[in-house]
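Trainee: I would like to go through the aromatic pairs and the labels attached to them.

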Amino acid sequence: MSESHEVPVLSGSSEQSWILITARRGRDWLLTPLSPGGGHWAAEGPDLFKALRELRRILDPLGIRLGVNGARRDSWASGMQCDMGEGRVVYILRKGQAGRPAQVSTLGTTALADIGTVEEQDEQYARWLDSRRIN
């Protein structure tokens, strides 16, 4: 069973709308974006968040950014979200935030200005963890 999600995409300096196909391959998630230009990529992972990060590792060097919550610089899926919820939701991590962070759908659309590379997301997560240790 597969699902289609229309997502905003920043490709170079052009904003477009692509279809992102999610499917299952055994227990893994398979993500395949369909670009208007006919590019073909696919990635898989043990949960939706990790599959998205694998896809972004392919797309990042090409200058392609997917406008979904799981690609925000300030989003991260916890181990429990990945294990119990299959990475379908992520936290939005804000510095100085009290209490539990807000949760949003991993493939929910978001502003392209909030999107970053996997490396930027890793750096933001590390800074957020450091800020939690200090407080």
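This is a predicted model: local features need pLDDT of at least 70, side-chain atom pairs count only at pLDDT 80 or more; totals for chains, interfaces and linings use all residues.

Mentor: Residues are numbered from 1 along each chain as its sequence is written, and side-chain values use heavy atoms, with hydrogens and water left out.

Trainee: Why is the pair W18 and W41 called stacked?

Mentor: Rings of Phe, Tyr and Trp (its six-membered ring) pair if their centres lie within 6.5 Å, and planes under 30 degrees apart count as stacked, over 60 as edge-to-face and the rest as tilted. The centres of W18 and W41 are 5.7 Å apart and the planes are at 5 degrees, so the pair is stacked.

Trainee: What makes W18 buried or exposed?

Mentor: Buried means under 20% relative accessible area, exposed over 50%, and partly exposed in between (1.4 Å probe, protein chains only). W18 has 3% relative accessibility, so W18 counts as buried. W41 has 18%, so W41 is buried.

Trainee: How do you know that Y125 and W128 are stacked?

Mentor: Their ring centres are 6.4 Å apart and their planes at 15 degrees, so this pair is stacked.

Trainee: Which labels do Y125 and W128 get for accessibility?

Mentor: Y125, with a relative accessible area of 23%, is partly exposed, whereas W128, at 14%, counts as buried.

Trainee: Which residues form one aromatic cluster?

Mentor: Y125 and W128 form one with F49 and W76. By the pairing rule the count comes to four aromatic pairs.
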